[in-house]
Amino acid sequence: MTAKPSPNRTELLQGTLDMLILRTLLFGPAHGHQIAKHIQRTTVDVLQVEHGSLYPALHRMERKRWLASKWEMAKDRNREFKYYRLTPAGRKQLAHAESKWKQIAAAVARVMWPASEDPL
Amino acid sequence: MSILERFLSQVFARVQRRRKTQEFARELQADLELEAEEQQDSGVSAEEARYAALRAFGNTSLITEDVRSVWTTGWLEGLLRDLRYAGRALRKNPGFAVVAILTLAMGIGANSAIFSTINALMFRPLPFTEAKQLVRIFSTKYGALLTPNGAGRNGGPSGMDMRDFARNSHTFEQMVAYDTWRKNVSFGEGAGEPEQMQVGLVPPTYFEILDVHPLIGRLFTEAESQPGKNYVAAISVQLWERRYARDSAILNRKIRINDELYVIVAVIPDVIPEWMESRGRESGTIQVWTPLALSGIWTEEARGARGFSTLARMKPGVSLEQAQADLSTIAAALAAEHSIDRDIGVSVKPLAETRAGNLRPMLLLLMGAVSLILLIACLNLANLLLARNSARQRELALRTALGAGRAGLVRHLLAETLLLSLIGAAVGLLLAQFGLAALSRAHPKNLPQLDSLSLDFRVLLFTFVVSIVTSLLFGLAPALTGTRIDLADALKQGGRSGSSGPGSQRMRRILVVLEMAMSLVLLVGASLLTQSIVRLEHQNLGIRADHLLKGHFYLPGIRYSDPAAITRFCEEFARRVRTLPGVVEATVTTAFPPNNGWFQMLGIPEHPATRREDIPSAQFGVADAHFLTTMGIPLIRGRDFAESDNATSPPVALVNEAFVRRYFPTEDPIGRRMHIGPPAFLNIAPGSDISDSSDVTIIGVTGNFRNAGLVAPPDPHITVLYAQHPLVNYGFKDIVIRTTSEPRQLAAEIGRQLQQLDVDMPFAEVQTIQEVVEQQTGGQRFTTLVLSLFAVAGLALAVVGIYGVVSFLVAQRKQELAVRIAVGASRGRVLWLVLKQSLTMAAIGAALGLLGATAAQKLISGLLFGISPLDPATFAAAAIFLLAVVAAASAIPGARVLRLDPARTLRQD
């Protein structure tokens with residue numbers, strides 16, 4: 001992933017990308033491009049998903065059966081796209097990744113800001 | 001994901017690979033076009049939009065590669081790739097591949113063949129419904145089986161005991177006692193040549209237990225199991241085809257058994273396997289059955305007449321232990337109630353267990369031997385691979401430098417051995433098929449279980465597992481040592497590290513030493529067995545065993561009820577045979593070495609007895625006056641039978657030396673009188689069992705001859721004239737003929753003479769005495785032959801191994817040897833240096849092998865005769881032989897040393 005050339009550069013791990021994709025799909029099925037655009041919009045351009053990471057991630061998760069895919073006609077464009085959606089295993093994985101992320105974040109916060117009780 | 005899920009996902013991924021990667025092109029295209037449209041929407045021109053989209057996405061080929069690798073990673077893909085590379089490597093080295101595959105084929109094929117045999121003998125399911133519930137019931141005395149060896153089929157309880165078992169047990173559905181007897185059979189109303197065959201005397205329950213239904217007709221009824229009403233018979237499909245031409249009106253046709261006519265009421269399908277009813281000496285399936293209708297069985301007096309064959313079916317769900325406990329309880333009650341059943345117990349054995357008979361020691365030995373062969377083959381291959389891997393050091397170093405982990409390298413090397421193993425296994429299976437087919441056709445007569453050897457899925461599975469294990473065994477060592485790579489060294493030009501290093505060389509030497517050790521074990525085993533067989537078959541039988549023919553005939557009681565008639569017939573027959581050209585002598589008797597089996601109790605005044613255990617007894621035979629001269633038995637003292645000893649003169653007897661040693665150790669036996677028959681206090685009615693009751697005078701002492709088999713020493717033996725003992729002058733007789741030339745040539749003529757006297761009488765079991773001996777050693781010879789083959793194969797493999805190692809050694813030490821020669825050492829001494837190395841290895845290998853042979857002695861001692869499993873002469877000879885072979889094998893590459901040109905060698909690098 002890259003960030004726009006701005007002071008808020010963020011580097012994240014591959015597992016985090018998986019988690020973001022899964023979360024995005026919680027709202028409903030989407031195809032690759034839509035997922036990328038959604039993450040970009042929601043993080044206000046802080047995180048831009050490179051397609052070179054996105055597609056391998058999607059296929060990896062499809063192979064692990066966290067996602068299922070289907071070719072469907074897009075509503076507004078007269079064309080077929082490959083839509084991905086969460087499987088029950090994927091939902092479980094999302095919950096799992098989410099709790100791990102919270103654990104890590106809390107641990108990091110304790111190191112960074114030990115005195116205060118503020119959660120990040 | 002669990003392991004299974006992971007494996008399945010690998011498989012699915014492979015299956016979907018192409019589809020998914022093709023699909024991705026479409027997916028990417030769709031998204032690209034969408035991006036282009038969005039670019040256009042935000043004002044970029046149409047052509048610019050496409051480039052902008054591509055730029056936004058980045059390197060699409062790279063993305064496609066990455067996606068493809070998602071669907072092609074995983075160890076399965078890696079393995080398949082490695083197998084493909086392995087195939088390519090093998091094709092480039094066809095010489096190595098052929099040698100390796102043949103070596104493997106031999107090892108794996110031999111294993112599959114032996115396992116097939118074991119499968120047929122022990123594991124293959126019986127051809128009956130619910131065969132697990134089929135058992136045989138045996139009687140025991142003081143806890144030991146009555147017929148200990150083989151647990152074949154005889155040795156069951158008496159009829160009355162079986163009836164009580166059937167009535168009082170609750171764990172059995174049905175049980176049956178039956179028997180088989182030799183009878184003269186002719187087909188149709190006396191038409192066609194008669195045959196002597198085993199006839200089954202069976203109640204109808206026999207077939208019900210086995211769930212065998214007649215193809216045509218019906219089973220016997222209970223009413224037909226009574227004497228007088230039992231003249232019905234069932235024949236097999238084989239007999240129906242062979243002697244009745246598949247006549248569709250077969251029912252109600254007649255069959256003549258021992259001169260009595262029986263009506264055929266059923267045709268039974270050929271389901272019952274040969275081993276079930278064969279008795280070892282005679283073989284062949286039973287083809288005729290009649291109801292069991294012996295009058296004497298169901299009386300209290302006959303409660304002691306044990307020895308029937310039995311068959312029983314346990315109720316469904318009943319275990320063997322429950323059935324055994326059930327019958328043991330009943331047996332204990334019977335023992336308490338009837339004195340004749342005292343100390344008699346019962347043993348229940350699954351029918352499947354009686355199939356292997358007494359072949360267990362042979363099977364264990366063969367399994368051990370064949371495993372050794374496989375190990376030797378594996379060691380040889382490991383050696384070959386080690387040698388070959390040295391050439392691949394640079395390739396492996398390159399791979400490591402490019403990022404292959406050690407695990408990946410090992411997998412790569414193992415894939416090659418796996419491929420070799422699988423191909424070797426396939427070829428080995430083919431070899432095994434051929435071998436088994438040949439074996440089936442040539443199987444020894446007393447091993448009928450071997451007549452239906454085939455490959456079934458169990459064998460295939462076993463072969464597959466063996467080949468995997470094999471590939472690990474011979475692939476792992478080279479793979480592990482070959483991947484310990486010193487990168488810098490290996491990549492250097494002309495580097496001679498890795499497999500040429502001392503570590504790998506030592507490994508090869510160790511492997512060769514182990515090969516030779518195992519080879520020696522096989523050699524010792526084969527040698528011991530061969531010596532055993534030779535000794536066994538050239539046993540002094542106590543007679544002149546050359547040029548002797550024997551045959552059996554039976555005079556049925558219906559037409560020969562008077563013993564005098566039997567005597568007349570036998571004497572006339574023998575007289576006619578003696579007049580035939582080519583016949584030196586002939587005698588009609590009841591038995592011939594090495595067996596006898598007929599015992600009589602004796603009343604010897606010098607040895608009075610009051611208890612059963614003290615009653616003197618001896619092996620018993622009846623003959624005529626030509627017995628000693630025909631058999632070639634020496635007369636030690638006294639006189640032989642003469643023509644003047646006949647039905648009206650005082651009864652006389654000949655005894656053997658063992659008899660004299662047991663009963664007259666210090667006195668002269670000649671002239672002493674004895675009573676043949678049980679003593680009065682036993683209260684056995686005369687003639688109700690096979691006992692005589694006359695007095696004889698001993699007139700002569702003969703040398704010992706074998707009467708208790710080939711192995712056991714001769715028992716005391718007494719021979720009398722059948723003409724003088726009508727009570728034991730039965731219709732079963734054998735005739736033994738001494739010929740001038742090849743005995744078999746006279747067989748047909750003698751049969752014709754017999755038929756001239758009685759047209760319905762077959763001349764049966766015609767064999768030479770030599771053949772009788774060979775038949776009894778059939779199983780032994782088979783094992784010896786196979787083990788010898790293995791020994792030769794093992795030795796050949798070891799020779800190939802040593803040849804390879806020595807060649808390599810010589811090549812490696814070329815420089816050093818050249819220097820020595822250049823500096824003045826004689827070529828002989830240099831050759832000796834090389835030979836010394838291989839002979840040292842051979843010596844260590846031989847020592848290890850001798851240790852191994854000592855350790856394995858228990859495995860083989862059961863099969864040996866007349867020779868100890870630790871026979872020092874054999875051990876020494878085998879070791880010397882191995883050393884000689886190794887010396888010869890090393891001499892060939894060693895001879896290259898003699899042709900070394902030191903100048904040229906030292907100049908090249």
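Reply: Let us begin with accessible area, which is computed by the Shrake-Rupley method with a 1.4 Å probe, and for residues only the protein chains shown count as cover. By that method chain A has an accessible surface of about 7500 Å², 56% of it belonging to carbon and sulfur atoms, while the surface of chain B comes to about 40900 Å², with 59% on carbon and sulfur atoms. Please keep in mind that this is a predicted model, in which local features need pLDDT of at least 70 and side-chain atom pairs count only at pLDDT 80 or more, whereas totals for chains, interfaces and linings use all residues. Residues are numbered from 1 along each chain as its sequence is written, chains are lettered from A and ligands numbered from 1 in the order in which they are written, and side-chain values use heavy atoms, with hydrogens and water left out.

Me: How many helices and strands does chain A have, and in what pattern do they follow one another?

Reply: Helices (H or I, at least four residues) and strands (E, at least two) are DSSP runs, numbered from the N terminus. Chain A has four helices and three strands, arranged along the sequence as α-β-α-α-β-β-α, and chain B has 27 helices and 22 strands.

Me: What share of the residues in chain A is buried?

Reply: A residue is buried under 20% relative accessible area, exposed over 50% and partly exposed in between, with a 1.4 Å probe and protein chains only. In chain A, 38% of the 120 residues are buried, and in chain B the share is 52% of 909 residues.

Me: Which residues does Thr103(B) contact beyond its sequence neighbours?

Reply: Contact means heavy atoms within 4.5 Å. Thr103(B) sits in helix 5 of chain B, residues 94-123, and is buried because its relative accessible area is 8%. Setting aside neighbours within four places in sequence, Thr103(B) contacts Ala377(B), Leu381(B) and Leu797(B). For chain B as a whole, 81% of the contacts between residues at least 6 apart in sequence join residues at least 24 apart.

Me: Where does His338(B) lie, and is that residue buried or exposed?

Reply: His338(B) is found in the loop between helix 10 (320-337) and strand 11 (344-350) of chain B, and it counts as buried because its relative accessibility is 14%. Not counting residues up to four places away, His338(B) touches Glu300(B) and Arg303(B). A polar contact is a pair of N or O atoms within 3.5 Å; within protein, one must be able to donate a hydrogen and the other to accept it, and residues adjacent in sequence count only if both atoms are side-chain atoms.

Me: How should I read the interface of chain A and chain B?

Reply: One starts with buried area, the accessible area (1.4 Å probe) that two parts lose on being put together, summed over both. Chain A and chain B bury about 2300 Å² between them, 53% of it on carbon and sulfur atoms, and 22 residues of chain A are in contact with 28 residues of chain B. The rule finds 16 residue pairs in polar contact across this interface, both residues at pLDDT 80 or more. Helix 3 of chain A supplies the largest share of the side of chain A that touches chain B, namely eight residues.

Me: What about charged pairs?

Reply: Side chains of opposite charge can pair when their charged atoms come close. A salt bridge is a side-chain nitrogen of Lys or Arg within 4 Å of a carboxyl oxygen of Asp or Glu. The structure holds 38 salt bridges over all chains, and the rule finds eight across the interface of chain A and chain B, including that of Arg79(A) with Glu33(B) at 3.2 Å, N to O.

Me: Which parts of chain B does the pair Arg559(B) and Asp758(B) link?

Reply: Their side chains meet in a salt bridge of 2.8 Å, N to O. This pair links distant parts of the chain, 199 residues apart, with Arg559(B) in the loop between strand 12 (548-554) and helix 17 (563-579) and Asp758(B) in the loop between helix 20 (747-757) and strand 22 (764-768). Arg559(B) is partly exposed at 38% relative accessibility, whereas Asp758(B) is buried at 5%.
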